[in-house]
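Please keep the viewer open as you read.

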Amino acid sequence: MSTVFIGIVAVALFIAAVFAFWRYGARVTSMPCPAWLAWSLEIDVMKKYGGQTVAIEMLELAPGMRVADVGCGPGRLTIPIAEAVSPGGEVVALDIQSKMLDRLKRRISEKAVTNVTLLQAGAGEGKLAKNFFDRALLVTVLGEIPDRERALKEIYTALKPGGILVVTEVMGDPHYQRLNKVKQLAETAGFGLGRLKTTPLSFALQLVKPD
Ligand SMILES: C[S@@+](CC[C@H](N)C(=O)[O-])C[C@H]1O[C@@H](n2cnc3c(N)ncnc32)[C@H](O)[C@@H]1O
């Protein structure tokens with residue numbers, strides 16, 4: 001066997017081990033996407049293949065709405081959403097990592113966006129105002145949250161009746177959650193199922209709080 005072949009196999013095994021460690025570790029403790037990887041969410045290709053466009057479309061936004069961007073990261077969705085709900089609307093961008101929020105803060109000042117409030121907290125810690133939001137989103141976040149049931153219950157309580165949560169999952173994400181798992185968690189939290197949109201690499205599911 002050539003040394004090159006052994007090298008390739010060793011690298012592939014290493015990557016698979018990191019992937020598995022990250023995926024299964026997140027079930028028992030908080031293992032968020034590290035802030036130094038935030039650049040990978042901001043590259044152009046993520047707009048099309050990273051669930052961004054489809055998630056925004058599925059949110060069915062309108063001016064004046066209040067939106068909770070849960071696990072906002074560096075804000076690739078926060079800023080277009082803030083623009084879509086203007087005038088009169090606002091976005092609360094919640095993330096567990098201060099470094100992600102620092103990146104978002106920089107982008108907000110570059111773009112002169114004035115209707116975003118940053119909130120450093122874990123999803124499920126009860127920091128979201130109750131019965132307050134028209135829309136919420138969890139885009140490539142659910143699998144990073146150790147207590148998913150609690151997080152979904154908090155979002156359910158934070159939404160107004162008729163409010164919509166959009167959950168987007170993208171294949172290749174080490175924390176990818178299967179559609180059936182998302183549906184089961186959502187129904188346990190009290191949500192009804194809304195529209196589903198799939199692309200070859202992602203899905204976006206609307207979850208509706210009953211009136
Ligand atoms: C893969 S990034 C996605 C960011 C953003 N939603 C996007 O699609 O660009 C996941 C984000 O969820 C955040 N996160 C992970 N666990 C969290 C938790 N328990 N509560 C709140 N945010 C969390 C991470 O800090 C990270 O910024």
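Predicted model: local features only at pLDDT ≥ 70, side-chain atom pairs only at ≥ 80, totals over all residues.

Residues are numbered from 1 along each chain as its sequence is written, and side-chain values use heavy atoms, with hydrogens and water left out.

**The nonpolar cores**

Let us start inside. A nonpolar core is a set of buried Ala, Val, Leu, Ile, Met, Phe, Trp, Tyr and Cys residues joined through side-chain atoms within 4.5 Å. Buried means under 20% relative accessible area, exposed over 50% and partly exposed in between, with a 1.4 Å probe and protein chains only. The largest such core holds 29 residues, and L128, L138, I155, L165 and F191 have the most contacts inside it. Two or more residues each come from β1 (66-70), β2 (90-95), β4 (133-139), α7 (148-158), β5 (159-170), α8 (179-189) and β7 (202-208). Helix α7 gives the most, with five residues. These elements are DSSP runs numbered from the N terminus: helices are H or I with at least four residues, strands E with at least two. Another core, of 24 residues, lies apart from the largest one and includes M65, V91, L104 and V116.

Contact means heavy atoms within 4.5 Å. Leaving aside neighbours within four places in sequence, L128 is in contact with A68, V70, V92, L94, L119, F133, E154, I155 and A158. In soluble globular proteins, nonpolar side chains tend to be buried together.

**The ligand site**

The table lists polar contacts, that is, pairs of N or O atoms within 3.5 Å.

| Residue and its atom | Ligand atom | Distance |
|---|---|---|
| R76, side-chain N or O | oxygen | 2.5 Å |
| A123, backbone N or O | nitrogen | 2.8 Å |
| I96, polar backbone atom | nitrogen | 3.4 Å |

On its own the ligand has 600 Å² of accessible area (Shrake-Rupley method, 1.4 Å probe), and the protein covers 98% of that.

**Aromatic pairs**

Three aromatic pairs turn up in a search of the whole structure. Rings of Phe, Tyr and Trp (its six-membered ring) pair if their centres lie within 6.5 Å; planes under 30 degrees apart count as stacked, over 60 as edge-to-face and the rest as tilted. The rings of F132 and F133 are 5.0 Å apart at their centres with planes at 80°, so this pair is edge-to-face. F132 is partly exposed at 23% relative accessible area, whereas F133 is buried at 2%.

Y176 and F203 are also edge-to-face, at 6.2 Å centre to centre and 80° between the planes. Y176 sits in the loop between β5 and α8 and F203 in strand β7, so the pair ties together parts that are 27 residues apart in sequence. Both Y176 and F203 are buried.

**A buried asparagine in a loop**

N115 belongs to the loop between α6 (98-111) and β3 (116-120) and is buried, with a relative accessible area of 14%. The N115 side chain reaches the backbone oxygen of A82 at 2.9 Å, and a polar atom of that side chain lies 3.2 Å from the backbone oxygen of G89.

Conventions:
Polar contact = N/O pair within 3.5 Å; in protein donor to acceptor, adjacent residues only side chain to side chain.
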